[in-house]
Amino acid sequence: MSTRGGVLHARGDARAEEHARPPARFPFVIHVLALGTFLMGTTEFVVAGLLPQIAGDLRVSVAQAGLLTTVFAVGMIVGAPLMAMLTLRLPKRLTLMLSLAVRFAGRAPVIAALTLIPTIAIALSQRRHSPAAAIT
């Protein structure tokens with residue numbers, strides 16, 4: 001097999017264009033993760049656009065309702081490095097599953113409490129703990 005002046009082909013003289021590969025598909029879990037990331041991001045950042053409605057429901061000023069965004073941001077600033085260090089040695093899949101479990105287990109009681117007793121204190125406590133699961 002000489003490459004001088006000639007064309008080097010794969011073994012068996014097969015050419016790349018003759019072997020068309022089917023289009024690559026993502027595994028189902030990638031779609032689930034993408035949807036989960038979208039939903040988590042949406043639920044956290046949509047609050048800023050709904051502040052007047054949230055303030056009305058909680059019977060507080062828009063500025064006080066704006067604390068929901070501030071508390072979440074501070075939680076992300078403090079929680080991101082902390083959770084990264086705490087979960088560094090854990091397997092990635094376990095970290096993801098624990099993160100989602102903590103997030104949904106922690107949200108259910110708070111949502112129930114907000115439904116029964118809508119107060120700014122309960123809403124702030126939920127926003128304070130929410131970043132811990134979102135950043136892992």
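Phe26, Val29, Ile30, Leu33 and Leu96 together form a nonpolar surface patch with about 430 Å² of accessible area. This is a predicted model, in which local features need pLDDT of at least 70 and side-chain atom pairs count only at pLDDT 80 or more, while totals for chains, interfaces and linings use all residues. Residues are numbered from 1 along each chain as its sequence is written, and side-chain values use heavy atoms, with hydrogens and water left out.

Patch members have over 30% relative accessible area and no salt bridge, and their nonpolar side chains (Val, Leu, Ile, Met, Phe, Trp, Tyr) are joined within 5 Å. A salt bridge places a side-chain nitrogen of Lys or Arg within 4 Å of a carboxyl oxygen of Asp or Glu. Areas follow the Shrake-Rupley method with a 1.4 Å probe. Helix H1 (residues 28–45) supplies the largest share of the patch, 3 residues; helices are DSSP runs (H or I, at least four residues) numbered from the N terminus.

The table lists relative accessibility, where buried means under 20%, exposed over 50%, and partly exposed in between (1.4 Å probe, protein chains only).

| Residue | Relative accessibility | Class |
|---|---|---|
| Val29 | 47% | partly exposed |
| Met40 | 15% | buried |
| Thr87 | 16% | buried |

The C-alpha atom of Met40 is 9.6 Å from that of Arg103, 63 residues away along the chain.

Thr87 occupies the loop between helix H3 (62–86) and helix H4 (92–116). From there, the Thr87 side chain reaches the backbone oxygen of Met83 at 2.7 Å.

Methods:
Helices (H or I, at least four residues) and strands (E, at least two) are DSSP runs, numbered from the N terminus. A polar contact is a pair of N or O atoms within 3.5 Å; within protein, one must be able to donate a hydrogen and the other to accept it, and residues adjacent in sequence count only if both atoms are side-chain atoms. Patches are made of residues with over 30% relative accessible area and no salt bridge: like charges are joined within 9 Å, nonpolar side chains (Val, Leu, Ile, Met, Phe, Trp, Tyr) within 5 Å.
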